[in-house]
Amino acid sequence: MDLNTVWFALVVVLLAGYALLDGFDLGVGTLHLLARGDEERRTLMNAIGPVWDGNEVWLLTGGGALFAAFPNVYATVFSGFYTALMLVLLALILRAMSLEFRGKLPGAGWRAGWDAAFSISSALAALLLGVALGNILRGVPIGPDGEFAGSFLGLLNPWSLLMGLTTVALFALHGALYLGLKVEGTLLERVRAWAKTAYAAFGVLYALTLGSGLFVVPRFSEALRARPLLLAAPVGAILAVLFVRRSLAAGREGRAFVSSCAAIALTAAFFGGSLYPALVPSNPLPENGLTIYNACSSPKTLKIMLVIALTGMPLVIAYQTLVYRVFKGPVRLGPTSY
């Protein structure tokens with residue numbers, strides 16, 4: 001395995017880690033307005049309070065890894081998707097402000113405004129991230145100079161929008177399953193109902209996305225023919241999704257959440273395996289696409305950055321493991337809570 005492939009795998013792992021971790025707290029934000037009263041909404045915010053900012057480190061690390069290892073891809077994606085990425089950034093900033101500002105004043109109007117901002121920004125971030133992923137998978141117009149040759153409206157094509165809606169439903173389900181581990185009493189019963197509704201919506205959208213993807217994204221079927229072992233990823237993901245339903249019916253929130261994590265990880269593995277060795281495929285001119293070989297840094301840079309990544313990632317994982325252990329169990333509201 002060459003260094004370029006190692007870095008491709010590392011970027012996929014980092015972005016999949018972001019989807020696993022920040023996915024559930026974006027989902028909690030999307031569900032936020034379904035909670036009843038101030039205490040329930042505070043409970044939802046405090047369920048993700050100790051971990052949400054650490055979860056976003058994975059997105060920053062993934063972007064940093066992309067910049068260091070594949071600078072041409074970073075430049076093309078960030079200039080071509082500039083408007084969409086600015087909207088994602090604004091949504092993430094508004095979401096963070098909602099968490100920090102909501103509890104600063106007691107007024108009902110003040111808190112209702114931040115509740116709406118928190119929920120809308122969480123859903124918008126999930127939608128836009130899904131739309132961006134959909135465009136990467138189906139390919140975007142790239143000129144012979146490696147620059148994005150499309151427009152913002154061109155990114156809002158039907159399949160990518162379907163991918164965006166599927167991502168919103170997936171994160172809402174993932175968030176509801178996480179809340180199943182963090183709340184108790186009548187709120188837990190409502191969270192279970194949210195999870196079942198989100199599961200039904202996600203199941204329909206997931207089937208439509210994968211089914212239509214075989215026609216809209218030819219690289220899916222091409223990759224399966226070239227690398228038959230890759231079929232294990234989507235099959236495993238579908239089985240994990242089915243196991244979520246079984247665990248929900250049995251009231252086993254822990255197993256359901258682990259199954260949801262497995263479904264996300266295996267879907268990311270399938271998407272990554274389908275793209276390889278491309279990073280940003282060009283549609284309709286495949287020869288203009290950016291791959292791990294024509295868009296990479298020098299071998300010396302890849303070696304140095306790999307040492308830094310292998311040194312830093314265990315520290316990040318150790319820190320987050322400690323935080324999750326310290327704050328495990330149901331939420332208890334106190335004077336310092338959100």
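The legends below describe views of a predicted model of one protein.

View 1. Along the principal axes, the C-alpha atoms occupy a box of roughly 55 × 40 × 35 Å.

View 2. The largest nonpolar core holds 96 residues, among which Trp7, Phe70 and Val73 touch the most other members. Helix H7, spanning residues 158-179, contributes the largest share of this core, with 13 residues. In the protein as a whole, buried residues make up 50% of the 338 residues.

**View 3. The surroundings of Val73.** When its neighbours within four places in sequence are left aside, Val73 is in contact with Leu66, Leu279, Val280, Leu290 and Ala295. Across the protein, of the contacts with a separation of 6 or more, 79% are between residues 24 or more positions apart.

**View 4. The surface and its charged side chains.** The protein exposes about 15700 Å², and carbon and sulfur atoms supply 72% of that area. There are 24 positive and 17 negative side chains in the protein, and the centres of these two sets lie 8 Å apart.

How values were computed. Residues numbered from 1 in each chain as written. Predicted model: local features only at pLDDT ≥ 70, side-chain atom pairs only at ≥ 80, totals over all residues. Heavy atoms only, no water. Buried < 20%, exposed > 50% of the residue type's maximum accessible area, 1.4 Å probe, protein only. Contact = heavy atoms within 4.5 Å. Areas by Shrake-Rupley, 256 points an atom, 1.4 Å probe, with all protein chains shown as cover. Lys, Arg positive; Asp, Glu negative; His and termini not counted. Charge placed at Lys NZ, Arg CZ, Asp CG, Glu CD. Core = buried A, V, L, I, M, F, W, Y, C linked by side-chain atoms within 4.5 Å. Helix = DSSP H or I, 4+ residues; strand = E, 2+ residues; numbered from the N terminus.
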